[in-house]
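Try each task before you read its solution.

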Amino acid sequence: MNSSAYFHETVTKVHHWTDRLFSFEATRSHSLRFENGQFTMIGLPNPESPDGAPVLRAYSFASANYEENLEFLSIKMQDGALTSRLQKVQPGDTLLVGKKPTGSLLLSNLLQGKRLYLLGTGTGLAPFLSIIKDPETYDLYEKIILVHCVRKKSDLVYPQYLKEELPNHEFLGAAVRQKLIYYPTVTREPFPAQGRITELIQNQKLFTDIALPAIDPEYDRVMICGSMAMLNDLRTMLVQRKFAEGAARQAGHFVIERSFVD
Ligand code: A2P
């Protein structure tokens, strides 16, 4: 990517959730346009590289497309090509942000439906943060079910935002309170909803807990974001249940995106 392929933004805030997860905000150039659910390449200037080429990785926008700042959620990996450096960013540092956002987790890639399931593991929550801030999501669906599955309770990032801030949001609050169901699940510690998303669909605990019928392609639409193994397992389960994958050229019952892994 040449240097005109990305904007030079400035980091404004950094929040460390755990020793494995952090999020950060940055300024946003007025000409950066994206759709909620999309991702773009981001990186840091790399003065040590012989040709000055930065290391860039795909990151979903956690901020909505109408917000003034950009926000991203990241894992920290000690030997990660980008995250080993990115986890040390401080307000005032330069962040490179790709000018060509893309991705398939778009409302427009889904056929009309009644309920929207957003199924994310780990940092796969990020694109869904932008989607649940989108007023169109609430116009299109009767219920939006956000399922976030993580290893440990402390990996359940943005708890305060999801449980308090968003339901009390000035413009979206009423729709959020009426339509959004936040369903956190944990796999490696005791928790009220314990288990992988795949298991909770298979044994129907998810549907029992939220008092909705089991997913059905006639009514339900699904967006999935997580590791390759998680995407493959969930895709198989949905295809078995007669869900068709959607894309820009043909809307379907579900769409998937791999979450960033360094
Ligand atoms: P588990 O603890 O049983 O591995 P990670 O941090 O590795 O990305 O995992 C995030 C969450 O996704 C964990 O709770 C993990 O469960 C779960 N997970 C990992 N692989 C799969 C899969 N193939 N299908 C569903 N969930 C998965």
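**Exercise 1.** How do the residues of the shell around the ligand divide into nonpolar, polar and charged?

Solution. Keep in mind that this is a predicted model. Start by collecting the shell: 14 residues surround the ligand. Among them, T121, G122, T187, R196 and A229 are the closest. Next, sort the shell by class: five residues are nonpolar, five are polar and four are charged.

**Exercise 2.** Find which element gives the largest share of the shell around the ligand.

Solution. First list the elements that supply at least two residues each: these are β8 (143-150), α6 (197-202) and α8 (228-240). Then pick out the largest share, which belongs to α8 with three residues.

**Exercise 3.** Work out the strand order of the open five-stranded sheet, and name its edge strands.

Solution. Read the order across the sheet: β9-β8-β7-β10-β11, with parallel pairing. Now look at one pair: β8 and β9 run parallel and are joined by seven bridges. V150 stands opposite V186 in β9.

**Exercise 4.** Describe the stretch that UniProt annotates as "domain: FAD-binding FR-type".

Solution. The annotation, from an unreviewed entry, covers residues 4-108. Over residues 4-108, the chain is 38% strand and 4% helix. Finally, the end C-alpha atoms of this stretch are 29 Å apart.

Notes. Residues numbered from 1 in each chain as written. Predicted model: local features only at pLDDT ≥ 70, side-chain atom pairs only at ≥ 80, totals over all residues. Near = placed C-beta within 6 Å. Nonpolar A, V, L, I, M, F, W, Y, C, P; charged D, E, K, R; others polar. Pairing = 2+ DSSP bridges. UniProt positions renumbered as here; feature names shortened; annotations may be inferred.
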